[in-house]
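These are my notebook entries on one protein model. I set down each item in the order in which I looked it up.

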Amino acid sequence: MRETMYHSDAVWQQYGQGPDYCERAAVVLDLIPEWAQWILDVGCGSGDVLRALTAARQHLHAIGCDSSYVACIRAPQPVICAALPTLPFRDKSFDVVVCLEVLEHLDEEQYVAAVREVDRLARYSVVIGVPYRETLQAKYVLCASCLNSSHADGHVRSYSIGDLYNLLPAFQLCKIVLTGIKKKRQSKIGSWLTMRIGGRYYHPKLFCCPYCGSDSFLEQRPNVPPLLGKLTALLCHILTMYARPMPYWIIGLYERRRAY
Ligand SMILES: [Zn+2]
């Protein structure tokens with residue numbers, strides 16, 4: 001993962017709280033087999049899932065790892081500051097590897113290596129969680145310093161149910177759960193019109209440009225008339241009103257294929 005706002009403690013003060021995250025942790029707990037003892041939470045963040053797992057099952061040995069040092073400080077021990085695709089564990093060290101909200105941040109090269117590493121570490125099962133059918137353009141932020149645009153949360157991939165089937169070739173997808181409060185999403189066409197034609201961009205609470213590190217952003221591209229921006233934003237808003245509400249996450253349980 002690139003150096004981003006995820007290395008700021010302000011992000012982790014808010015992350016992992018609220019009913020959405022409680023529901024997600026309950027789903028993950030439900031997917032982990034009762035007999036599993038050694039669990040690795042890759043990208044554990046401030047540890048909301050780790051806390052839920054160890055509180056519910058006292059016999060679990062749950063270890064977390066995250067690339068963000070400030071997140072690791074907030075997470076329950078034991079936790080290691082490390083990131084995919086190179087984690088300091090032996091092959092097949094864990095019964096289950098949990099990997100939530102990580103893969104959508106990785107570019108193609110990082111992604112291939114990360115999937116290979118998860119395969120190397122998991123003995124029996126893998127739980128993968130990613131945002132469900134996210135419209136990436138809806139959260140593009142325009143940097144005020146370098147005028148590059150990037151996703152507010154650093155996401156570079158979007159996942160549908162079909163995308164999960166061939167994610168881990170050595171594993172079989174056994175169960176899929178959609179979780180998180182259902183909300184209406186901006187459509188791809190609405191977001192594209194707003195950004196490309198209207199020149200309007202997302203307004204984040206916290207921002208760190210991955211290109212230049214600036215924390216200032218613009219809501220309107222300077223060379224586009226603001227009225228055009230307002231009109232496309234209104235059109236996008238109308239399209240969103242008719243959108244179907246969808247849950248935020250998709251979580252898949254994978255089991256290692258048996259060799260016959
Ligand atoms: Zn920038």
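I call a residue buried under 20% relative accessible area, exposed over 50% and partly exposed in between, with a 1.4 Å probe and protein chains only. I take helices (H or I, at least four residues) and strands (E, at least two) as DSSP runs numbered from the N terminus. The model is predicted: local features need pLDDT of at least 70, side-chain atom pairs count only at pLDDT 80 or more, and totals for chains, interfaces and linings use all residues. Residues are numbered from 1 along each chain as its sequence is written, and side-chain values use heavy atoms, with hydrogens and water left out.

Entry 1, the chain. I find eight helices and 10 strands in the protein chain. Buried residues account for 47% of its 260 residues. The C-alpha trace spans about 60 × 35 × 35 Å along its principal axes. I count a contact when heavy atoms lie within 4.5 Å. Of the contacts between residues at least 6 apart in sequence, 78% join residues at least 24 apart.

The buried residues of α5 are Tyr 111, Ala 113, Ala 114, Val 115, Glu 117, Val 118 and Leu 121. They pack against β1 (38–42), β4 (94–100) and β5 (122–131).

Which protein donors does the zinc ion have? I find Cys 143 (SG), Cys 146 (SG), Cys 209 (SG) and Cys 212 (SG), lying 2.2 to 2.3 Å from the ion. Donors are N, O and S atoms within 2.8 Å of the metal (3.2 Å for Na, K and Ca); water is not among the atoms, so sites may look incomplete. The spacing of the donor residues in sequence is C-x2-C-x62-C-x2-C. Cys 143 lies in β6 (residues 140–143) and Cys 212 in the loop between α7 (188–197) and β9 (217–218), so this pair ties together parts 69 residues apart in sequence. Cys 143 is buried at 0% relative accessible area, whereas Cys 212 is partly exposed at 41%.

Three strands form an open antiparallel sheet in the order β7-β6-β9. Its edge strands, β7 (149–151) and β9, each pair on one side only. I take two strands as paired if DSSP finds at least two bridges between them; β6 and β7 have three. The bridge partner of Tyr 140 in β7 is His 151.

Val 102 is in the loop between β4 and α5 and is buried at 8%. Not counting residues up to four places away in sequence, Val 102 touches Val 42, Gly 43 and Leu 84. Ile 32 is in the loop between α2 (19–31) and β1 and is buried at 2%. With the same exclusion of residues up to four places away, the residues Ile 32 touches include Ile 39, Leu 53 and Val 127.
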